[in-house]
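Biologist: Could you walk me through this model, starting wherever you like?

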Amino acid sequence: LMARILTKAQLSKLESKSQAELLAIVLDLATHLPLAKKHLINQYLTAEDALLALAKKEYSKLTRRPPSWDYKEVDAFFDTLQNQFIPLLAKGIVASPREGELFALELLANARALYEKMDTSSGSWEDYHLALVEQWLMAIAAQRESVPPEVLARRLRDGLSDIDPSISITCLFDYRDVLGSPVMRALRDNYAAAGLLPEALGLSFELRDIAFFDSVQQAGLFSHPRQQIDYARLLTDELRADQAIAVLEAMDSALLQRHRQLNLWHQVLIRAYLEEGRRADAHAQALRAFASTRANSFFASYCQSGDEPREVALGQFVAIAESWGLREVLLLLEEVDAWPQLAQRLEQCTDADLQEDLSLLAGSTVRTWSSRLYQQGFIVVAVRLRRQLVANVVNQGKSTYYTGAASDLKKSLDYQAALKVEQEDGERPLCSPQEYLNQLYQQHKRKSSFWEAVRQKLPAITMSASGVQYQAENK
């Protein structure tokens, strides 16, 4: 870091100074630069037992006159809190963890009142707020060696209920190593004793505590399908796949659908089948999963669990997707990297059908298809896709996207320039670049903003009263 601030020559000169000379330099900087003096005192010259008091003083000073409705001032305010106050608070917590915990919790409890005084629509408060939560958790973690885990767990639970309710216990999962398993387990027991089973199960899953799940299963207390699925995941991890299968197969499919857990249920069941050596069941389940969820990811599971050639497996998935429409077939083929088959399906489409289906897709998706197909030698289809992107914009007069359409037009011309004169049998012939541009100009010659974007992007294109002329570059 020092080498990036000072040059090598400057750094060498600084290193040659004696202790007395360096002290004189520091005092001189502190005398003439107030910010340097403040940084020196806050970071290096304050006694440990005074660090938290210094953090409190700094917070009081920074929040004495909070900004109101200028979002730029609000952004600067929270940036200052995060960069000046939070580091001081962190140092104070190391020196005085219990007092730092109480102070951080007080700030979190009063945070909403502070935020309501200003325009927080830009969201700049979030980074500061999360940093404050982190310091509160670090303060609790710093007391692990001196305070019983049951006491720290009670403080955690009470604190989470006192501060912003939007903060879930899931935020604790990222701090499991910091807080330690004994504290996390004590917190789980605290929630369980209070009858808050969803929270207790969430912590138990993070702890991989299958014994707790076993007890809930025996008591029939699962209240959500996700809880049973998590139980099945743990069972499979513990080489109890047969029990996982029994749990999963007994679940209500309508309930899974209603709670949007069907996709995960299929994934976990397929894995359990494979772990149990039931490859045929996993194979059939993967096909059913695709048919019921339209999730293309199940193709990999189908291939993993079966013995038929990949082309045969793909044919079965395509046959199912056909009933959902061309768009779903195309997305499936992209997902499984079946670019020759994707090119074939696109080649079979008329321009009208192609435009209708591609209009439902994001432009970035179609551009990706065009680029990948071009790279793999399917140039005619790649050009047609770019032309369709252009048509989609200019037909609807989307002037905001004219620059992008001009780029797509350029790509179509670049791709076509690489096309051999002879086209393969069965390929839909492309009209020449000049013919294509003539047709485009006749249909949209009044859209001057589009043609201006084209002129800037493509110097090889010139326009006159008689039309548009394209002079291909010689390569």
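Modeller: Helices here are DSSP runs (H or I, at least four residues), as strands are (E, at least two), and they are numbered from the N terminus. This is a predicted model, where local features need pLDDT of at least 70 and side-chain atom pairs count only at pLDDT 80 or more, while totals for chains, interfaces and linings use all residues. Residues are numbered from 1 along each chain as its sequence is written, and side-chain values use heavy atoms, with hydrogens and water left out.

Biologist: And what do the side chains of arginine 233 and aspartate 230 meet in?

Modeller: They meet in a salt bridge, at 3.1 Å from N to O; the term stands for a side-chain nitrogen of Lys or Arg within 4 Å of a carboxyl oxygen of Asp or Glu.

Biologist: Is aspartate 230 buried or exposed?

Modeller: Aspartate 230 is buried, because its relative accessible area is 11%, whereas arginine 233, with 25%, is partly exposed. Buried means under 20% relative accessible area, exposed means over 50%, and partly exposed lies in between, using a 1.4 Å probe and protein chains only.

Biologist: How many salt bridges does the structure hold?

Modeller: The structure holds 18 salt bridges. One of them joins the side chains of arginine 188 and aspartate 209, at 2.9 Å from N to O. Arginine 188 lies in helix H12 (residues 181–193) and aspartate 209 in the loop between helix H13 (197–207) and helix H14 (210–219), so this pair ties together parts that are 21 residues apart in sequence. Both arginine 188 and aspartate 209 are buried.

Biologist: What about glutamate 322, which residue does its side chain meet?

Modeller: Glutamate 322 forms a salt bridge with arginine 345, at 2.7 Å from N to O. Since glutamate 322 sits in helix H21 (residues 310–322) and arginine 345 in helix H23 (residues 339–347), the pair ties together parts that are 23 residues apart in sequence. Glutamate 322 counts as partly exposed because its relative accessibility is 37%, while arginine 345, with a relative accessible area of 18%, is buried.

Biologist: Which residues are linked in a network of salt bridges?

Modeller: Arg98, Glu101 and Arg155 are linked in such a network.

Biologist: Switching to rings, how many aromatic pairs are there?

Modeller: There are 18 aromatic pairs in the structure. Among them, tyrosine 59 and phenylalanine 103 form an edge-to-face pair, 6.3 Å centre to centre with 90 degrees between the planes. That pair links distant parts of the chain, as tyrosine 59 is in helix H5 and phenylalanine 103 is in helix H7 (residues 97–109), 44 residues apart. Rings of Phe, Tyr and Trp (its six-membered ring) pair if their centres lie within 6.5 Å, and planes under 30 degrees apart count as stacked, over 60 as edge-to-face and the rest as tilted. Both tyrosine 59 and phenylalanine 103 are buried.

Biologist: Which residues form one aromatic cluster?

Modeller: Phe77, Phe78, Tyr115, Trp125 and Tyr128 form one aromatic cluster.
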